[in-house]
There are 2 protein chains.
Amino acid sequence: MAEKARVLLVGSGGIGTMTALNLEQGGLATVAAVLRSNYAMVKEKGFTIDSCDHGKLAEWKPSEVLPKVPDVTSGHEGSAKPFDYVIVTTKNVPDVPPTVADLIRPAVTPGHSVIVLIQNGLNIEKPLMAAFPDNICLSGVSLMGADELSPGHILQNDVDRLFIGPFLSDKLDGQKQIAAAEEFVRIYSASGKVQCSYQADVLFVRWRKLMYNAVWNPICALTDLDTTRFRLASDAQDPANPLDLLVRPAMNEIRAAAKASANVELPESLVESMVECDPMEIFCAPSMLQDRRKGRFIEYENILGEALREGERAGIAMPTIKCLYGLCKAVQWRTMELNGLVNAQKLMEARIS
Amino acid sequence: MAEKARVLLVGSGGIGTMTALNLEQGGLATVAAVLRSNYAMVKEKGFTIDSCDHGKLAEWKPSEVLPKVPDVTSGHEGSAKPFDYVIVTTKNVPDVPPTVADLIRPAVTPGHSVIVLIQNGLNIEKPLMAAFPDNICLSGVSLMGADELSPGHILQNDVDRLFIGPFLSDKLDGQKQIAAAEEFVRIYSASGKVQCSYQADVLFVRWRKLMYNAVWNPICALTDLDTTRFRLASDAQDPANPLDLLVRPAMNEIRAAAKASANVELPESLVESMVECDPMEIFCAPSMLQDRRKGRFIEYENILGEALREGERAGIAMPTIKCLYGLCKAVQWRTMELNGLVNAQKLMEARIS
């Protein structure tokens, strides 16, 4: 029997914990999970998991529970063994330090560790490829629904569907990058409980998910409405209803940007699918709404900012996305202030002096 | 000495109370003020006022303090004497009952009472003219800064500048409407403490104020930032800063709509004036932001909706205003839900059944 793949997982909230569980259940990997806010709780009592894919588990722990990203580079006694995979399931907030590259740097063995970014948005691979030019970087787009209800308590209420493909780097052998993606799909699929597939067209998968994320996420976060309430607030008899004013135009701007910037064809029928994709009865609160309600940073740069920049570079007018992006940028500044990263009083005094 | 004008004032928050005080101080009017949330407090102890125009006053009351709009129409014993003026300083929220017309109807004597709307936005006179075709209706646009800090405690921190003009009705004599506006200016100016002027071009005054109100109000309400913080959040070194993404485009959309729909010329230089008009040190929270923070209804229809409809009818694309309008409409729905006017659970069940 081959040796198990050694995985470091960074970001053990809902999606990350389910990713760790699924990998361990498959038997082809051992997972060291880096925990932050829930470390003390999980170290002592493990995770309590209620999963539509894996059933109910009490006091479950991955092979290793770590309070921070381990250092495999120093070579001193006690430094960790190299990781075959470094999977990142944190939010991606490039405008607030640390960057993903800085976060995982101690755990990346050059030329060996495969980096797997299970995160949303565009161009998230670029800083990683710059920081780790000798490492393969894979794209993971997850459609799973999973939340951490309280520290260590995970509810997975929508099945794990994961699309994997290589962020192709021209500095590395193309076939090796494809093979690495296929191998990760094999390891991730071994549990028999999830739907993990190889998707060569990473940009198609990412732009398609942006039709939801670049639209529903900021709109729900700014209005404090879940997608069910937002749809109920849109009276179809009113020609100026919020779905027609905002949601559909924004989705069509994403479609136009995908086509012009990446030659990605997102069929028009996807608009209605994305408008209606959340079951009405679940009152789905997209992650950015949850983050705003909790006073956390929102990941708007890779989701809205990159889509806007790609679209505008390709000559596409994206006024709705631009408006939402500007509002999100201001919201993020407010969160920075609440976290002590900027000081409004001092900035104001400097401005008027 | 001529008999004093008999005034009913509806809406006795910050602006309304200062309006009542100024009229009584001028000596040409007696004011009956209709109070709602602060009635009990003011009836007993009067207003405490700290005013940049009138100084500090304790236990001040207008001539009459009323808990609701009095009925002058029934003719029964105890019905009030007719009002020469009915001044409305409430918020204007036509999407939430009661309408302004329904609210003031008992106090309006047909063919006699002059209605004065000291409220923002466009087309606010239309329902009043329809409801009271024989009454003159005046436009009041106030640039005063005044807030009710707690029930009955009013702070006026920016001087009272009031622009009055007739909402000209073609069913009434034009000269009489102009004369009524001029007479109101005379009465309002009698205190010698305020800047009240006759402005024939009501549309110019209203569109100009919309450059601020249709832009700063929703943007601050949606981001939970005052105008100082929003400006600080906009790093001029960043070509995609929120002022350039949102504020300036939205103001230019209002300028284009004013020109195309009403032939109102708002000079381009007004954009920078309106961006910078609030002193940085006061951290100005526009009224819509205050309303959202307090969970109150926002007056977005006359401020954003009418501007959008006028502009689009005249062929102007207003994508930023449209986006802000759609977000505000959804926010209003949420406030309706929180006030029990809609029931999300029941609406959802009806939708899926």
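Colleague: How much area do chain B and chain A bury between them, and what part of it is on carbon and sulfur atoms?

Modeller: The size of an interface is often given as the accessible area lost when the parts come together. Buried area here is the accessible area, with a 1.4 Å probe, that two parts lose on being put together, summed over both. In this predicted model, chain B and chain A bury about 3600 Å², with 71% of it on carbon and sulfur atoms. Before we go on, residues count from 1 along each chain as its sequence is written, while chains get letters from A and ligands get numbers from 1 in the order in which they are written. Local features need pLDDT of at least 70 and side-chain atom pairs pLDDT 80 or more, totals for chains, interfaces and linings use all residues, and side-chain values use heavy atoms, with hydrogens and water left out.

Colleague: How many residues of each chain are in contact?

Modeller: Contact means heavy atoms within 4.5 Å. On that rule, 41 residues of chain B touch 41 residues of chain A.

Colleague: And how many salt bridges and polar contacts are there between chain B and chain A?

Modeller: Side chains of opposite charge can pair when their charged atoms come close. A salt bridge is a side-chain nitrogen of Lys or Arg within 4 Å of a carboxyl oxygen of Asp or Glu. A polar contact is a pair of N or O atoms within 3.5 Å; within protein, one must be able to donate a hydrogen and the other to accept it, and residues adjacent in sequence count only if both atoms are side-chain atoms. Between chain B and chain A there are six salt bridges, and 12 residue pairs are in polar contact, both at pLDDT 80 or more.

Colleague: Which helix of chain B gives the largest share of the side that touches chain A?

Modeller: Helices (H or I, at least four residues) and strands (E, at least two) are DSSP runs, numbered from the N terminus. Helix 13 of chain B gives the largest share, 14 residues. By class, that side of chain B has 24 nonpolar, six polar and 11 charged residues. Ala, Val, Leu, Ile, Met, Phe, Trp, Tyr, Cys and Pro count as nonpolar, Asp, Glu, Lys and Arg as charged, and the others, Gly among them, as polar.

Colleague: Can we look at one salt bridge up close? Which residue of chain A pairs with Glu337(B)?

Modeller: That's Arg229(A), at 2.8 Å from N to O. The pair crosses between chains, from helix 13 of chain B to helix 8 (residues 227-232) of chain A.

Colleague: Are Glu337(B) and Arg229(A) buried or exposed?

Modeller: Buried means under 20% relative accessible area, exposed over 50%, and partly exposed in between (1.4 Å probe, protein chains only). Glu337(B) and Arg229(A) are both buried. Lys56(B) counts as exposed because its relative accessibility is 69%, and Asp50(B), at 29%, is partly exposed.

Colleague: Why does Thr223(B) count as buried?

Modeller: Because its relative accessibility is 0%. Thr223(B) sits in helix 7 (residues 216-223) of chain B, and a polar atom of its side chain lies 2.8 Å from the backbone oxygen of Ile219(B). Leaving aside neighbours within four places in sequence, Thr223(B) is in contact with Arg292(A), Leu327(A), Ala330(A), Val331(A) and Phe230(B).

Colleague: Where is Phe230(B) placed?

Modeller: In helix 8 of chain B. Phe230(B) is buried too, because its relative accessible area is 0%. Not counting residues up to four places away in sequence, the residues that Phe230(B) touches include Ala330(A), Trp216(B) and Leu246(B). Phe230(B) and Trp216(B) are 14 residues apart in sequence and 9.4 Å apart in space, C-alpha to C-alpha.

Colleague: Now within chain A, which domains are assigned?

Modeller: Domain bounds come from an automatic or database domain assignment. For chain A it gives domain 1 (5-200) and domain 2 (205-338). The contact takes 23 residues from domain 1 of chain A and 22 residues from domain 2 of chain A. About 1900 Å² is buried between these domains, and carbon and sulfur atoms give 52% of that. There is one salt bridge between domain 1 and domain 2 of chain A. Lys91(A) forms a salt bridge with Asp291(A), with 3.4 Å between the closest N and O atoms.
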